[in-house]
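Here is a friendly note to read alongside the picture. Keep the structure open and find each residue as you come to it.

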Amino acid sequence: MPRIPPCQTWRTFLANHVRDLVSIDLFTVPTPRLRVVFVLVVLAHHRRRVVHFNVTEHPTAHWTAQQLVDAFPDDSAPSYLLRDRDQVYGQQFRPRVKGMEIDELLTAPHSP
């Protein structure tokens, strides 16, 4: 009986698709005036390079989707987008990503 090869591991997937993979994340930064701003970063994995970033006080799904469009103009979008399960990637974000023909890869729930 022929052996069935094992499924591709996460590490193998990353090695095979690193050139087509970007990550997106938000983090907070307190300002000297005791306000909090949100920083969105888009990172290309193959060169560990920041592709795009922007800052806002009130992130929304619409704003986040627009940042992705700004990061990849003129059909330069990657094949895969790695992101967490934050609510800011909501109703307006997911259709925009799908329209750009990007496959979303979600991190595990509650992962750091």
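**Notes on strands and side-chain pairs**

1. Let's begin with two strands: β1 (residues 21-30) and β2 (residues 36-44) run antiparallel and are joined by nine bridges. Strands here are DSSP runs of E with at least two residues, and helices are runs of H or I with at least four, numbered from the N terminus; two strands pair if DSSP finds at least two bridges between them. Across from Ile24 you will find Val42 in β2. The two strands make a hairpin with five residues between them, and Leu34 in the turn has a positive phi of about 60°.

2. A word on the source: this is a predicted model, where local features need pLDDT of at least 70, side-chain atom pairs count only at pLDDT 80 or more, and totals for chains, interfaces and linings use all residues. Residues are numbered from 1 along each chain as its sequence is written, and side-chain values use heavy atoms, leaving out hydrogens and water.

3. Now follow β2 onward: with strand β3 (residues 49-56) it pairs in the antiparallel sense over seven bridges. Leu40 has Asn54 in β3 as its bridge partner. This hairpin has four residues between the strands, and Arg48 takes a positive phi near 50°.

4. How many salt bridges does a search of the whole structure find? The search gives two, a salt bridge being a side-chain nitrogen of Lys or Arg within 4 Å of a carboxyl oxygen of Asp or Glu. In one, the side chains of Arg35 and Glu57 meet at 2.8 Å, N to O. Arg35 lies in the loop between β1 and β2 and Glu57 in the loop between β3 and α2 (61-71), so the pair ties together parts 22 residues apart in sequence.

5. Glu104 and Arg83 also meet through their side chains in a salt bridge, at 2.4 Å, N to O. Glu104 is partly exposed, with a relative accessible area of 26%, whereas Arg83 counts as buried at 6%.

Technical notes. Buried < 20%, exposed > 50% of the residue type's maximum accessible area, 1.4 Å probe, protein only.
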